[in-house]
Amino acid sequence: MAIDSFRFGTPTEFVFGPGCRGQLPERLAGLGAARVLLVTDAGLEATGVVDPVEDALRGAGLAVTRFVDVKSNPTVENVDAGAAVLRASRADVVVALGGGSPIDAAKIMPAVAAGGFSAHELMTGARKIERAGVPLVVLPTTAGSGAEAAKVSVLVDHATGEKKGVFGPGTAPAITFLDPELMLGLPPWLTAATGMDALSHALEAYLGLSATPFSDALAEQSMRLVARHLEAVVADGSDVGARGAMTIASAMGGLAKDQSGLGVLHAVAMPVGYLYDLHHGYLCAALMPATLDVNADAVREKTAWVARCFGLVESDDAAAAGNAGEVIRALNDRIGMGMRLTEAGVRDDDVERIVTDAMASYLLKNNPVPGTPELCRRVLVESL
Ligand SMILES: [Fe+2]
(Lines give C-alpha, C1' and ligand atoms only; values in the text may rest on other atoms or scores of the structure.)
Protein backbone atom coordinates (compact mmCIF):
# COMPACT_ATOMS: atom_id res chain seq x y z
CA MET A 1 0.00 0.00 0.00
CA ALA A 2 1.57 3.25 -1.13
CA ILE A 3 -0.24 5.63 1.24
CA ASP A 4 -0.56 5.49 5.00
CA SER A 5 -3.79 7.41 5.51
CA PHE A 6 -7.04 7.79 3.63
CA ARG A 7 -10.76 8.24 4.05
CA PHE A 8 -13.45 6.41 2.16
CA GLY A 9 -17.08 7.35 1.72
CA THR A 10 -19.69 8.00 -0.90
CA PRO A 11 -22.70 10.29 -0.54
CA THR A 12 -24.43 8.36 -3.32
CA GLU A 13 -27.16 5.78 -2.74
CA PHE A 14 -27.21 3.15 -5.50
CA VAL A 15 -30.46 1.51 -6.55
CA PHE A 16 -29.97 -1.46 -8.87
CA GLY A 17 -32.35 -3.60 -10.88
CA PRO A 18 -34.07 -4.01 -14.25
CA GLY A 19 -36.98 -1.55 -14.14
CA CYS A 20 -35.79 0.24 -10.98
CA ARG A 21 -36.30 3.59 -12.74
CA GLY A 22 -39.98 3.08 -11.86
CA GLN A 23 -39.07 4.11 -8.31
CA LEU A 24 -37.85 7.53 -9.48
CA PRO A 25 -41.07 9.57 -8.82
CA GLU A 26 -41.51 8.30 -5.25
CA ARG A 27 -37.81 8.82 -4.47
CA LEU A 28 -38.00 12.41 -5.76
CA ALA A 29 -41.07 12.95 -3.58
CA GLY A 30 -38.99 11.62 -0.71
CA LEU A 31 -36.45 14.37 -1.40
CA GLY A 32 -39.29 16.89 -1.14
CA ALA A 33 -39.07 17.74 -4.83
CA ALA A 34 -41.96 19.34 -6.70
CA ARG A 35 -40.14 20.76 -9.74
CA VAL A 36 -37.57 18.84 -11.78
CA LEU A 37 -34.90 19.97 -14.21
CA LEU A 38 -34.43 16.95 -16.49
CA VAL A 39 -30.99 17.10 -18.14
CA THR A 40 -30.40 14.84 -21.13
CA ASP A 41 -29.19 15.23 -24.72
CA ALA A 42 -30.74 15.44 -28.16
CA GLY A 43 -29.28 12.11 -29.30
CA LEU A 44 -30.96 10.26 -26.46
CA GLU A 45 -34.21 12.16 -26.99
CA ALA A 46 -34.33 10.70 -30.49
CA THR A 47 -34.09 7.13 -29.14
CA GLY A 48 -37.37 7.48 -27.24
CA VAL A 49 -35.84 6.79 -23.81
CA VAL A 50 -36.55 10.26 -22.42
CA ASP A 51 -40.32 10.64 -22.97
CA PRO A 52 -41.42 7.71 -20.77
CA VAL A 53 -39.24 8.96 -17.89
CA GLU A 54 -40.64 12.48 -18.19
CA ASP A 55 -44.20 11.13 -18.51
CA ALA A 56 -43.76 9.13 -15.30
CA LEU A 57 -42.59 12.26 -13.48
CA ARG A 58 -45.50 14.34 -14.77
CA GLY A 59 -47.89 11.50 -13.97
CA ALA A 60 -46.72 11.70 -10.36
CA GLY A 61 -47.57 15.40 -10.26
CA LEU A 62 -44.07 16.79 -10.67
CA ALA A 63 -43.43 19.82 -12.89
CA VAL A 64 -40.66 19.04 -15.42
CA THR A 65 -38.40 21.34 -17.43
CA ARG A 66 -36.31 19.49 -20.00
CA PHE A 67 -32.79 20.67 -20.94
CA VAL A 68 -31.06 18.93 -23.85
CA ASP A 69 -28.31 21.33 -24.92
CA VAL A 70 -25.34 19.17 -23.89
CA LYS A 71 -22.47 18.31 -26.23
CA SER A 72 -20.84 14.87 -26.23
CA ASN A 73 -17.80 16.52 -24.64
CA PRO A 74 -19.82 18.86 -22.39
CA THR A 75 -18.69 22.49 -22.30
CA VAL A 76 -18.71 25.21 -19.66
CA GLU A 77 -21.35 26.96 -21.79
CA ASN A 78 -23.61 23.87 -21.57
CA VAL A 79 -23.33 24.03 -17.78
CA ASP A 80 -24.01 27.76 -17.59
CA ALA A 81 -27.04 27.48 -19.90
CA GLY A 82 -28.45 24.63 -17.82
CA ALA A 83 -27.82 26.54 -14.59
CA ALA A 84 -29.75 29.51 -16.00
CA VAL A 85 -32.69 27.22 -16.82
CA LEU A 86 -32.43 25.69 -13.35
CA ARG A 87 -32.67 29.11 -11.73
CA ALA A 88 -35.52 30.25 -14.01
CA SER A 89 -37.53 27.05 -13.48
CA ARG A 90 -36.95 27.14 -9.71
CA ALA A 91 -36.49 23.36 -9.87
CA ASP A 92 -35.67 21.75 -6.54
CA VAL A 93 -33.91 18.71 -7.97
CA VAL A 94 -31.84 17.97 -11.08
CA VAL A 95 -32.38 14.60 -12.75
CA ALA A 96 -29.68 13.59 -15.24
CA LEU A 97 -30.65 10.93 -17.78
CA GLY A 98 -28.00 9.84 -20.25
CA GLY A 99 -24.39 8.86 -20.69
CA GLY A 100 -21.47 10.55 -19.01
CA SER A 101 -21.98 13.83 -20.87
CA PRO A 102 -25.40 14.92 -19.53
CA ILE A 103 -24.47 13.55 -16.11
CA ASP A 104 -21.22 15.53 -15.97
CA ALA A 105 -22.91 18.71 -17.20
CA ALA A 106 -25.77 18.26 -14.70
CA LYS A 107 -23.39 17.75 -11.78
CA ILE A 108 -22.15 21.32 -11.87
CA MET A 109 -25.44 23.08 -12.71
CA PRO A 110 -26.76 23.19 -9.10
CA ALA A 111 -23.51 24.72 -7.81
CA VAL A 112 -23.36 27.32 -10.59
CA ALA A 113 -27.06 28.18 -10.12
CA ALA A 114 -26.57 28.56 -6.35
CA GLY A 115 -23.16 30.22 -6.39
CA GLY A 116 -23.67 32.89 -9.03
CA PHE A 117 -20.40 32.16 -10.83
CA SER A 118 -19.66 30.60 -14.21
CA ALA A 119 -18.35 27.12 -14.99
CA HIS A 120 -15.38 28.82 -16.70
CA GLU A 121 -14.46 30.44 -13.38
CA LEU A 122 -14.45 26.98 -11.78
CA MET A 123 -12.22 25.60 -14.54
CA THR A 124 -9.65 28.38 -14.11
CA GLY A 125 -9.75 28.08 -10.32
CA ALA A 126 -10.89 31.72 -9.95
CA ARG A 127 -13.91 30.42 -8.00
CA LYS A 128 -14.62 27.18 -6.22
CA ILE A 129 -17.74 25.37 -5.13
CA GLU A 130 -18.31 26.16 -1.48
CA ARG A 131 -21.82 24.86 -0.93
CA ALA A 132 -24.09 22.31 -2.57
CA GLY A 133 -27.02 23.43 -4.67
CA VAL A 134 -30.16 21.35 -5.21
CA PRO A 135 -29.63 17.57 -5.16
CA LEU A 136 -28.77 15.53 -8.23
CA VAL A 137 -30.40 12.21 -9.14
CA VAL A 138 -28.85 10.21 -11.95
CA LEU A 139 -30.04 7.53 -14.38
CA PRO A 140 -27.15 6.39 -16.60
CA THR A 141 -28.03 5.06 -20.05
CA THR A 142 -24.51 3.78 -20.73
CA ALA A 143 -22.27 1.62 -18.58
CA GLY A 144 -18.80 3.09 -18.52
CA SER A 145 -18.27 6.73 -17.69
CA GLY A 146 -18.47 6.16 -13.95
CA ALA A 147 -19.98 9.65 -13.82
CA GLU A 148 -22.97 8.09 -12.04
CA ALA A 149 -20.74 7.23 -9.08
CA ALA A 150 -18.14 9.99 -8.97
CA LYS A 151 -18.07 13.58 -7.75
CA VAL A 152 -15.82 14.76 -10.60
CA SER A 153 -17.29 16.39 -13.72
CA VAL A 154 -15.09 16.53 -16.82
CA LEU A 155 -15.75 19.68 -18.86
CA VAL A 156 -14.35 21.39 -21.93
CA ASP A 157 -13.44 25.07 -21.83
CA HIS A 158 -12.63 26.39 -25.31
CA ALA A 159 -11.52 29.75 -23.84
CA THR A 160 -8.61 28.05 -22.10
CA GLY A 161 -8.31 25.10 -24.51
CA GLU A 162 -8.69 22.64 -21.66
CA LYS A 163 -10.62 19.49 -20.84
CA LYS A 164 -10.43 18.67 -17.16
CA GLY A 165 -12.28 17.64 -14.04
CA VAL A 166 -13.96 19.90 -11.47
CA PHE A 167 -15.84 18.97 -8.32
CA GLY A 168 -16.97 20.23 -4.93
CA PRO A 169 -19.66 19.85 -2.28
CA GLY A 170 -22.83 18.36 -3.77
CA THR A 171 -21.39 17.34 -7.14
CA ALA A 172 -21.77 13.61 -6.44
CA PRO A 173 -25.24 12.21 -7.13
CA ALA A 174 -27.58 11.81 -4.15
CA ILE A 175 -29.24 8.78 -5.76
CA THR A 176 -28.13 6.75 -8.79
CA PHE A 177 -30.53 4.31 -10.44
CA LEU A 178 -28.62 1.49 -12.15
CA ASP A 179 -31.32 0.20 -14.50
CA PRO A 180 -29.96 -2.05 -17.27
CA GLU A 181 -33.22 -1.73 -19.21
CA LEU A 182 -32.18 1.85 -20.08
CA MET A 183 -29.17 0.43 -21.99
CA LEU A 184 -30.81 -2.25 -24.12
CA GLY A 185 -30.78 -0.10 -27.27
CA LEU A 186 -27.10 0.88 -27.10
CA PRO A 187 -25.32 -0.30 -30.30
CA PRO A 188 -22.33 -2.70 -30.07
CA TRP A 189 -19.61 -0.11 -30.82
CA LEU A 190 -20.81 2.25 -28.08
CA THR A 191 -21.35 -0.68 -25.72
CA ALA A 192 -17.73 -1.73 -26.27
CA ALA A 193 -16.31 1.81 -26.03
CA THR A 194 -18.18 2.68 -22.83
CA GLY A 195 -17.31 -0.72 -21.35
CA MET A 196 -13.62 -0.05 -21.95
CA ASP A 197 -14.02 3.33 -20.22
CA ALA A 198 -15.37 1.47 -17.17
CA LEU A 199 -12.39 -0.87 -17.30
CA SER A 200 -9.96 2.04 -17.66
CA HIS A 201 -11.24 3.64 -14.43
CA ALA A 202 -10.94 0.41 -12.46
CA LEU A 203 -7.51 -0.27 -13.98
CA GLU A 204 -5.98 3.16 -13.37
CA ALA A 205 -7.43 3.34 -9.85
CA TYR A 206 -5.98 -0.12 -9.21
CA LEU A 207 -2.49 0.66 -10.49
CA GLY A 208 -2.39 4.18 -9.02
CA LEU A 209 -0.20 5.32 -6.14
CA SER A 210 -3.27 6.35 -4.12
CA ALA A 211 -4.88 2.92 -4.31
CA THR A 212 -6.22 1.65 -0.99
CA PRO A 213 -7.70 -1.70 0.06
CA PHE A 214 -11.14 -0.09 -0.40
CA SER A 215 -10.45 1.10 -3.94
CA ASP A 216 -8.69 -2.19 -4.78
CA ALA A 217 -11.77 -4.17 -3.78
CA LEU A 218 -13.98 -1.99 -5.97
CA ALA A 219 -11.50 -2.01 -8.86
CA GLU A 220 -10.91 -5.77 -8.81
CA GLN A 221 -14.62 -6.59 -8.77
CA SER A 222 -15.25 -4.03 -11.52
CA MET A 223 -12.56 -5.66 -13.69
CA ARG A 224 -13.91 -9.17 -12.99
CA LEU A 225 -17.38 -8.08 -14.13
CA VAL A 226 -15.96 -6.50 -17.30
CA ALA A 227 -13.89 -9.62 -18.03
CA ARG A 228 -16.96 -11.87 -17.60
CA HIS A 229 -19.64 -9.79 -19.28
CA LEU A 230 -18.34 -7.19 -21.75
CA GLU A 231 -17.93 -9.52 -24.71
CA ALA A 232 -21.37 -11.04 -24.09
CA VAL A 233 -23.09 -7.68 -24.04
CA VAL A 234 -21.24 -6.48 -27.16
CA ALA A 235 -22.39 -9.68 -28.93
CA ASP A 236 -25.98 -9.44 -27.64
CA GLY A 237 -27.10 -6.01 -26.48
CA SER A 238 -30.44 -7.38 -25.26
CA ASP A 239 -28.77 -9.55 -22.58
CA VAL A 240 -30.24 -7.84 -19.50
CA GLY A 241 -28.11 -9.86 -17.10
CA ALA A 242 -24.85 -8.88 -18.79
CA ARG A 243 -26.05 -5.26 -19.12
CA GLY A 244 -26.78 -5.28 -15.39
CA ALA A 245 -23.31 -6.59 -14.60
CA MET A 246 -21.77 -3.82 -16.71
CA THR A 247 -23.81 -1.11 -14.96
CA ILE A 248 -22.38 -2.34 -11.66
CA ALA A 249 -18.85 -2.57 -13.13
CA SER A 250 -19.13 1.04 -14.28
CA ALA A 251 -20.39 2.31 -10.92
CA MET A 252 -17.69 0.41 -9.03
CA GLY A 253 -15.04 1.74 -11.41
CA GLY A 254 -16.37 5.25 -10.83
CA LEU A 255 -16.14 4.82 -7.06
CA ALA A 256 -12.63 3.39 -7.36
CA LYS A 257 -11.44 6.36 -9.43
CA ASP A 258 -13.06 8.81 -7.02
CA GLN A 259 -11.13 7.14 -4.22
CA SER A 260 -7.78 6.52 -5.87
CA GLY A 261 -7.61 8.73 -8.95
CA LEU A 262 -6.51 7.90 -12.49
CA GLY A 263 -3.19 8.07 -14.32
CA VAL A 264 -1.31 8.42 -17.58
CA LEU A 265 -4.06 6.85 -19.72
CA HIS A 266 -6.57 9.55 -18.82
CA ALA A 267 -3.93 12.30 -18.80
CA VAL A 268 -3.21 11.51 -22.46
CA ALA A 269 -6.83 10.70 -23.41
CA MET A 270 -8.08 14.15 -22.31
CA PRO A 271 -6.06 16.29 -24.79
CA VAL A 272 -6.55 13.75 -27.62
CA GLY A 273 -10.30 13.82 -26.98
CA TYR A 274 -10.26 17.59 -26.91
CA LEU A 275 -8.17 18.01 -30.10
CA TYR A 276 -9.98 15.46 -32.26
CA ASP A 277 -13.40 15.15 -30.58
CA LEU A 278 -12.96 11.36 -30.43
CA HIS A 279 -15.12 9.15 -28.19
CA HIS A 280 -13.53 8.97 -24.75
CA GLY A 281 -14.26 5.26 -24.31
CA TYR A 282 -12.60 4.41 -27.61
CA LEU A 283 -9.53 6.42 -26.57
CA CYS A 284 -9.39 4.50 -23.28
CA ALA A 285 -9.43 1.23 -25.22
CA ALA A 286 -6.77 2.45 -27.67
CA LEU A 287 -4.40 3.73 -24.95
CA MET A 288 -4.85 0.86 -22.49
CA PRO A 289 -2.37 -1.71 -23.89
CA ALA A 290 0.46 0.83 -23.90
CA THR A 291 -0.53 2.01 -20.39
CA LEU A 292 -0.15 -1.56 -19.14
CA ASP A 293 3.16 -1.94 -20.99
CA VAL A 294 4.74 1.18 -19.44
CA ASN A 295 3.51 0.45 -15.89
CA ALA A 296 4.04 -3.34 -15.82
CA ASP A 297 7.42 -3.34 -14.09
CA ALA A 298 6.43 -0.75 -11.45
CA VAL A 299 3.25 -2.58 -10.35
CA ARG A 300 4.07 -6.11 -11.41
CA GLU A 301 1.75 -8.08 -9.14
CA LYS A 302 -1.26 -5.95 -9.97
CA THR A 303 -0.55 -5.90 -13.70
CA ALA A 304 -0.17 -9.69 -13.59
CA TRP A 305 -3.54 -9.91 -11.78
CA VAL A 306 -5.14 -7.89 -14.60
CA ALA A 307 -3.68 -10.18 -17.28
CA ARG A 308 -4.97 -13.27 -15.46
CA CYS A 309 -8.36 -11.65 -14.85
CA PHE A 310 -8.68 -11.32 -18.62
CA GLY A 311 -7.82 -14.94 -19.23
CA LEU A 312 -4.03 -15.24 -19.38
CA VAL A 313 -2.85 -18.57 -17.97
CA GLU A 314 0.64 -17.77 -16.66
CA SER A 315 1.94 -18.47 -13.17
CA ASP A 316 5.04 -16.26 -13.28
CA ASP A 317 4.20 -12.66 -12.28
CA ALA A 318 6.85 -11.01 -14.44
CA ALA A 319 5.73 -12.90 -17.55
CA ALA A 320 2.04 -12.29 -16.83
CA ALA A 321 2.62 -8.57 -16.24
CA GLY A 322 4.67 -8.29 -19.42
CA ASN A 323 1.79 -9.80 -21.39
CA ALA A 324 -1.03 -7.72 -19.90
CA GLY A 325 -0.91 -5.16 -22.72
CA GLU A 326 -1.11 -7.95 -25.29
CA VAL A 327 -4.12 -9.49 -23.51
CA ILE A 328 -6.01 -6.18 -23.71
CA ARG A 329 -4.94 -5.67 -27.35
CA ALA A 330 -6.55 -9.02 -28.15
CA LEU A 331 -9.69 -8.05 -26.20
CA ASN A 332 -9.87 -4.78 -28.17
CA ASP A 333 -9.70 -6.76 -31.43
CA ARG A 334 -12.52 -9.08 -30.32
CA ILE A 335 -14.90 -6.24 -29.38
CA GLY A 336 -14.26 -3.92 -32.33
CA MET A 337 -11.96 -1.50 -30.49
CA GLY A 338 -8.78 -2.47 -32.35
CA MET A 339 -8.56 0.74 -34.43
CA ARG A 340 -5.19 2.48 -34.02
CA LEU A 341 -5.15 6.20 -33.14
CA THR A 342 -3.75 7.11 -36.57
CA GLU A 343 -6.71 5.35 -38.19
CA ALA A 344 -8.95 7.52 -35.99
CA GLY A 345 -7.23 10.64 -37.38
CA VAL A 346 -4.58 11.40 -34.75
CA ARG A 347 -1.56 12.94 -36.50
CA ASP A 348 2.14 12.45 -35.74
CA ASP A 349 2.73 16.19 -35.81
CA ASP A 350 0.32 16.72 -32.89
CA VAL A 351 2.25 14.37 -30.58
CA GLU A 352 4.27 17.10 -28.85
CA ARG A 353 1.23 19.32 -28.33
CA ILE A 354 -0.66 16.39 -26.79
CA VAL A 355 2.32 15.53 -24.56
CA THR A 356 2.55 19.15 -23.37
CA ASP A 357 -1.18 19.22 -22.54
CA ALA A 358 -1.02 15.81 -20.84
CA MET A 359 1.84 17.05 -18.65
CA ALA A 360 -0.47 19.73 -17.22
CA SER A 361 -2.79 17.02 -15.85
CA TYR A 362 -2.94 16.42 -12.10
CA LEU A 363 -3.78 12.80 -12.93
CA LEU A 364 -0.12 12.05 -13.64
CA LYS A 365 0.74 12.42 -9.96
CA ASN A 366 -1.09 9.17 -9.27
CA ASN A 367 0.60 7.11 -11.99
CA PRO A 368 2.86 4.36 -10.62
CA VAL A 369 5.68 5.41 -13.00
CA PRO A 370 6.60 9.12 -12.70
CA GLY A 371 4.58 11.21 -15.15
CA THR A 372 7.31 12.56 -17.41
CA PRO A 373 6.96 13.81 -21.00
CA GLU A 374 8.77 10.62 -22.08
CA LEU A 375 6.15 8.47 -20.37
CA CYS A 376 3.23 10.33 -21.99
CA ARG A 377 4.97 10.24 -25.37
CA ARG A 378 5.60 6.51 -25.11
CA VAL A 379 1.97 5.72 -24.27
CA LEU A 380 0.74 7.91 -27.12
CA VAL A 381 3.26 6.84 -29.79
CA GLU A 382 2.80 3.14 -28.98
CA SER A 383 -0.93 3.61 -29.60
CA LEU A 384 -0.69 5.55 -32.88
FE1 LIG B 1 -12.73 7.75 -18.45
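Two residues are in contact if their C-beta atoms, placed from the backbone, lie within 7 Å. This is a predicted model: local features need pLDDT of at least 70, side-chain atom pairs count at pLDDT 80 or more, and totals for chains, interfaces and linings use all residues. Residue numbers start from 1 along each chain, following the sequence as written.

**View 1. Domain 1 and domain 2 touch each other.**
The domain assignment of the protein gives domain 1 as 20-178 and domain 2 as 188-383. Such bounds come from an automatic or database assignment. Taken over C-alpha atoms, the two domain centres lie 26 Å apart. How many residues of each domain are in contact with the other? The count is 18 residues of domain 1 and 23 residues of domain 2. Strands E7 and E8 each supply at least two residues of the side of domain 1 that touches domain 2. By class, that side of domain 1 has eight nonpolar, six polar and four charged residues. Nonpolar means Ala, Val, Leu, Ile, Met, Phe, Trp, Tyr, Cys and Pro; charged means Asp, Glu, Lys and Arg; the others, Gly among them, count as polar. Strands (E, at least two residues) and helices (H or I, at least four) are DSSP runs, numbered from the N terminus.

**View 2. Strand E8 is covered on both faces.**
E8 spans residues 175-178. Ile 175 and Phe 177 are buried on one side. Thr 176 and Leu 178 are buried on the other. A residue is buried if 20 or more other C-beta atoms lie within 10 Å of its own, exposed if 12 or fewer, and partly exposed in between, with C-beta atoms placed from the backbone. E8 has strand partners too. Two strands pair if DSSP finds at least two bridges between them. Strand E1 (residues 13-16) is joined to E8 by four bridges, and the two run parallel. Here Phe 16 has Leu 178 as its bridge partner. Strand E5 (residues 136-140) is joined to E8 by two bridges, again parallel. Val 138 stands opposite Thr 176.

**View 3. Strands E6 and E7 form a hairpin.**
Five bridges join E6 (residues 153-157) to E7, and the strands run antiparallel. Leu 155 has Lys 164 in E7 as its bridge partner. Four residues lie between the strands. In this hairpin, Gly 161 takes a positive phi near 70 degrees. E7 is mostly covered, with four of its five residues buried.

**View 4. Helix H10 is mostly covered.**
H10 (residues 264-276) has 13 residues. From its first C-alpha to its last it reaches 18 Å, close to the 18 Å expected at 1.5 Å a residue. The expected span is 1.5 Å times one less than the number of residues. Of the 13 residues in H10, 10 are buried. Among them are Val 264, His 266, Val 268 and Met 270. What covers the buried residues of H10? The cover includes strand E7 (162-166) and helices H7 (188-207), H11 (280-295), H14 (351-359) and H15 (373-383).

**View 5. Asp 277 and Arg 90 sit in loops with positive phi.**
Asp 277 follows H10, in the loop between H10 and H11. Its phi is near 55 degrees, a positive value in a residue other than glycine. Is Asp 277 buried or exposed? Asp 277 counts as exposed because it has 12 C-beta neighbours inside 10 Å. Arg 90 lies in the loop between helix H4 (76-89) and strand E4 (93-98). Phi of Arg 90 is also positive, near 55 degrees. Arg 90 is partly exposed because 13 other C-beta atoms lie within 10 Å.

**View 6. Val 95 is buried in strand E4.**
Val 95 lies in E4. It is buried because 29 other C-beta atoms lie within 10 Å. Leaving aside neighbours within four places in sequence, Val 95 is in contact with Val 36, Leu 38 and Val 137. Pro 173 is 78 residues from Val 95 in sequence, yet 9.4 Å away in space, C-alpha to C-alpha.

**View 7. The largest nonpolar core has 127 residues.**
A nonpolar core is a set of buried Ala, Val, Leu, Ile, Met, Phe, Trp, Tyr and Cys residues joined through C-beta atoms within 7 Å. The residues with the most contacts inside the largest core are Val 39, Val 94, Met 109, Ala 202, Val 268 and Leu 287. This core draws at least three residues from each of domain 1 and domain 2. Not counting residues up to four places away in sequence, Val 94 touches Leu 37, Val 39, Leu 86, Ala 106, Met 109, Pro 110, Val 134 and Leu 136. In soluble globular proteins, nonpolar side chains tend to be buried together.
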